[in-house]
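Notebook open, model on screen. I'm jotting down what I look up as I go.

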Amino acid sequence: MEHPYLFFVKLFEMMGLSHFAHANTHVIYTWVVMAILVILSLLAVKGLSMVPSKGQNVMELLVSGIEDFMISITGEEGRWLFPLAATIFLYIFTCNIVGLIPGFFPPTANLNTTMSCALVVVVFTHVIGIQYHGAKYIKHFLGPVWWMVPIIFPIEVIGHLARVLSLSFRLFGNMMGHELVLGILFMLAGAFFAPIPIMALGIFVALVQAFVFFLLSIMYFTSAMEHAH
Amino acid sequence: MEAEALKFFIACVTAAGFGIAIAAFGCGIGQGLGLKSAVEGIARNPESSGKVTVTMLIGLAMIESLCIYALVISLILIYATPMAGTVNKLLGAA
């Protein structure tokens with residue numbers, strides 16, 4: 001598989017850090033995504049006023065839309081989860097979208113990025129459970145009747161470990177598959193603009209995968225906060 | 001040793017091709033059934049079109065992720081087989 005031409009990797013090569021750049025492409029592009037998000041947010045809140053200007057209006061629309069959707073799933077008691085959930089959604093969406101710019105690599109096309117997001121979500125689920133229920137959180141894993149515990153408990157534990165795998169592999173597989181299809185089509189028929197329909201599909205897939213990750217995260221948080229059956 | 005590695009690699013690549021084909025077959029049927037119910041729901045009650053569409057997209061993404069798991073296994077079989085070093089030398093020299 002040939003290596004595509006990546007701008008920031010070339011920048012690091014010019015600075016002499018070529019080995020670091022090639023081994024850790026996803027880290028460099030994560031820094032790029034962080035810079036983009038921070039700069040856009042700073043620009044939007046520069047002149048905060050009661051009658052919003054254009055940039056502030058867009059950010060308000062985005063933030064209130066995500067918050068209202070989250071409240072419709074978690075209920076009012078889940079409002080404090082909003083910073084983490086919205087960060088997950090905006091970060092993963094921006095990571096996916098920058099992959100469509102020629103010369104950029106989406107950080108989520110590397111398993112390390114997606115696994116880190118999935119681990120944060122699953123560990124935080126357990127932190128919420130212990131914070132809300134204390135030691136009684138174990139009742140979430142024990143099932144409805146006491147004599148089925150030896151069967152239900154391993155199944156629940158495996159189910160929770162499977163959440164990490166499924167969250168990370170879903171996002172990674174979608175993004176890596178998209179990159180592979182683009183690379184192969186480019187190799188086969190690049191002169192005929194063959195990758196263009198795939199890139200249009202890529203915009204849709206980027207939004208849907210970020211949304212699905214966000215939705216599953218808040219559903220896991222909700223199920224940890226509610227009472228066990 | 002090289003002949004064994006090549007036979008193993010041929011078996012891996014064949015398995016990868018059939019694996020993703022079978023997964024795509026199942027995924028197509030699953031997503032088609034979900035889509036069928038969503039469209040029937042919208043036809044029956046056009047006002048619910050927004051909610052039904054959002055739920056349908058989430059369901060399609062969940063089903064698609066099963067096919068993605070099979071795709072990841074196929075990619076591992078093609079690009080990261082246990083005999084990857086020997087195979088790379090063979091194909092690089094050929």
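Predicted model: local features only at pLDDT ≥ 70, side-chain atom pairs only at ≥ 80, totals over all residues.

**Entry 1: two helices side by side.** I started where Val121(A), Thr125(A), Ile128(A), Gly129(A) and Tyr132(A) of H6(A) meet Ser217(A), Tyr220(A), Phe221(A), Ala224(A) and Met225(A) of H8(A). Contact here is C-beta atoms, placed from the backbone, within 7 Å. Helices are DSSP runs (H or I, at least four residues), numbered from the N terminus.

Residues are numbered from 1 along each chain as its sequence is written, and chains are lettered from A and ligands numbered from 1 in the order in which they are written.

H6(A) and H8(A) pack at about 20 degrees with axes 8 Å apart. Axes are lines fitted to C-alpha atoms, for helices over the stretch in contact, and angles run from 0 to 180 degrees between N-to-C directions. I call the pair roughly parallel, because that covers angles under 35 degrees.

**Entry 2: H7(A) against H8(A).** This pair packs at about 175 degrees, axes 11 Å apart. H7(A) and H8(A) are therefore roughly antiparallel (over 145 degrees). Leu167(A), Leu171(A) and His178(A) are among the H7(A) residues that meet H8(A), where the partners include Gln209(A) and Phe213(A).

I also checked the span of H7(A): its 41 residues, 149-189, reach 57 Å from first C-alpha to last, close to the 60 Å expected at 1.5 Å a residue. The expected figure is 1.5 Å times one less than the number of residues.

**Entry 3: what is buried.** Buried means 20 or more other C-beta atoms within 10 Å of a residue's own, exposed means 12 or fewer, and partly exposed is in between; C-beta atoms are placed from the backbone. In H7(A), the buried residues include Leu167(A), Phe169(A), Leu171(A) and His178(A). Their cover includes H5, H6 and H8 of chain A, together with H2 of chain B.

**Entry 4: over to chain B.** Gly19(B) sits in helix H1 of chain B. I have Gly19(B) as partly exposed, because 15 other C-beta atoms lie within 10 Å. Leaving aside neighbours within four places in sequence, Gly19(B) contacts Ala70(B), Ile73(B) and Ser74(B).

Methods:
Parallel < 35°, antiparallel > 145°, perpendicular 65-115°, else oblique.
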